[in-house]
Amino acid sequence: MGTQVTGMGLGAHGLPGDYSSASRFIKAAWLNRFSEIENETEAIAQMLHMLSAVSPVKGAVLTADGESYYTTYTACMDAHNGAYYYKTYFDTQLRAVKLSEYPFEGAELHQVSLCEEEKQKITRDTLAFSAEM
């Protein structure tokens, strides 16, 4: 007699830190509640750490077709400074897109390649763009 999986991430249901949606949500809420943030730079770093803490790793969660379900990228937005931060599963270097570099007039869609575009290295000193924007 086998068990029937009723949703992605439930293969480890009942184990501490399982990847069910409910468990991931509760863990993220708990981390958010007790995180210590003193400035915008720390807020961005903290957000990305919290998201990473609940992100499935490749192979830990399987779809109904037996394919790996994992977090392909993690991103957060700094609406105050107009910056979009991201990292991918295979390139964990934090990258940023400054939205001020793209015109928002009209209906033209702007696309930024995650692979081909020159990537900007983000450090603690360059994380906040407020002086440049």
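Is Val54 buried or exposed? Keep that in mind as you walk through this predicted model.

Stop 1: Select strands S1 (73-78), S2 (83-88) and S3 (95-98). These 3 strands form an open sheet in the order S1-S2-S3, with antiparallel pairing. S1 and S3 stand at the edges with a single partner strand each, so one side of each is left without a neighbour in the sheet. On average, neighbouring strands here are turned by 20° against each other, direction ignored.

**Stop 2: the pairing of S1 and S2.** Now look at how these two antiparallel strands are joined: there are 6 bridges between them. To find a bridge pair, pick Ala75 and then its partner in S2, Tyr86.

**Stop 3: the helix on the sheet.** Next, select residues 40-53, which are helix H2. H2 packs on the sheet and touches S1 and S2, and its direction makes about 155° with that of S1.

**Stop 4: Val54.** Move on to the loop between H2 and S1, where you will find Val54. Here is the answer to the opening question: Val54 counts as buried because its relative accessibility is 9%, and buried means under 20%. Show its contacts beyond four places in sequence: Val54 touches Tyr19, Arg24, Lys27 and Ala28.

**Stop 5: out to the surface.** Finally, select Phe90, in the loop between S2 and S3. Phe90 counts as exposed because its relative accessibility is 65%.

Technical notes. Residues are numbered from 1 along each chain as its sequence is written. This is a predicted model: local features need pLDDT of at least 70, side-chain atom pairs count only at pLDDT 80 or more; totals for chains, interfaces and linings use all residues. Side-chain values use heavy atoms; hydrogens and water are left out. Helices (H or I, at least four residues) and strands (E, at least two) are DSSP runs, numbered from the N terminus. Buried means under 20% relative accessible area, exposed over 50%, partly exposed in between (1.4 Å probe, protein chains only). Two strands pair if DSSP finds at least two bridges between them. Axes are lines fitted to C-alpha atoms, for helices over the stretch in contact, and angles run from 0 to 180 degrees between N-to-C directions. Contact means heavy atoms within 4.5 Å.
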